[in-house]
Amino acid sequence: MPDSPALDPVDLEILRVLQNDARTTNRELAAAVGVAPSTCLDRVARLRRAGVITGHRLAIDPARLGRGLEALLSVQVRPHRRDLIGPFVERVRSLPESRALFHLTGPDDYLLHVAVRDAADLQRLVLDEFTSRREVARVETRLVFQHWECGPLLPPEA
């Protein structure tokens, strides 16, 4: 695990503000954390170089794009070998329905968040893209009724 850079209260506040709204301008951010805009710009650049800030993401409402049904798929891959899971992961990541993929410990190997049009589309996805694959031993599907974003993410001692 990489070493965590030393973060002072100003850095933590920068992270909190940007996680709540990544579109905050540097001038607004500097005012919010109480430093000069040039200092703020330098601190954000340092946080990027240190790998603390890894990017900016656009939040999309899947329902507004015609994908009103979300589900979590628990997938068991057998045998669980590197030569099988590499292509499996790449295939799953290439699917337009895929939102997030997690490699797990325990009885399930992967947890996949998907967004599809409807129940028939979910059934097509499970049958055509998962249970039809030789290495997929089991798929368990759970519908998502609602979800909430949490955060901001700060170091444990903060």
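Q: At what angle do helix H2 and H3 pack, and how far apart are their axes?

A: Before the answer, a word on what we are reading: this is a predicted model, in which local features need pLDDT of at least 70 and side-chain atom pairs count only at pLDDT 80 or more, while totals for chains, interfaces and linings use all residues. Residues are numbered from 1 along each chain as its sequence is written, and side-chain values use heavy atoms, with hydrogens and water left out. Helices (H or I, at least four residues) and strands (E, at least two) are DSSP runs, numbered from the N terminus. Axes are lines fitted to C-alpha atoms, for helices over the stretch in contact, and angles run from 0 to 180 degrees between N-to-C directions. Here helix H2 (residues 26-33) packs with H3 at an angle of about 100 degrees, and their axes are 8 Å apart. That makes H2 roughly perpendicular to H3, a label given to angles of 65 to 115 degrees.

Q: Which residues of H2 and H3 meet?

A: Contact means heavy atoms within 4.5 Å. On the side of H2, Asn26, Leu29 and Ala30 take part, and they meet Pro37, Cys40, Leu41 and Val44 in H3. Sorted by class, this contact has six nonpolar residues, one polar and no charged ones, where Ala, Val, Leu, Ile, Met, Phe, Trp, Tyr, Cys and Pro count as nonpolar, Asp, Glu, Lys and Arg as charged, and the others, Gly among them, as polar.

Q: What is the largest nonpolar core, and which residues have the most contacts inside it?

A: In soluble globular proteins, nonpolar side chains tend to be buried together. A nonpolar core is a set of buried Ala, Val, Leu, Ile, Met, Phe, Trp, Tyr and Cys residues joined through side-chain atoms within 4.5 Å, and buried means under 20% relative accessible area, exposed over 50%, and partly exposed in between (1.4 Å probe, protein chains only). The largest core in this structure has 20 residues, and those with the most contacts inside it are Leu73, Val75, Phe88, Leu122 and Phe130. Two or more residues each come from strand S1 (69-77), helix H4 (82-94), S3, helix H5 (119-131) and S4, and the largest share, five residues, is that of S1. Leaving aside neighbours within four places in sequence, Phe88 is in contact with Val75, Val77, Tyr110, Phe130, Arg133, Glu135 and Val136.

Q: How many salt bridges does a search of the whole structure find?

A: Side chains of opposite charge can pair when their charged atoms come close. A salt bridge is a side-chain nitrogen of Lys or Arg within 4 Å of a carboxyl oxygen of Asp or Glu, and the search finds 16 of them. One of these joins the side chains of Arg43 and Asp8 (2.9 Å, N to O). Arg43 lies in helix H3 (residues 37-49) and Asp8 in the segment before helix H1 (9-20), so the pair ties together parts that are 35 residues apart in sequence. Arg43 is buried, at 18% relative accessible area, whereas Asp8 is partly exposed, at 28%.

Q: Where is Asp108 found, and is Asp108 buried or exposed?

A: Asp108 sits in the loop between S2 and S3, and with a relative accessible area of 14% Asp108 is buried. Beyond its neighbours within four places in sequence, Asp108 is in contact with Ser74, Val75 and Arg138. With Arg138, Asp108 forms a salt bridge whose closest N and O atoms are 2.1 Å apart.

Methods:
Parallel < 35°, antiparallel > 145°, perpendicular 65-115°, else oblique.
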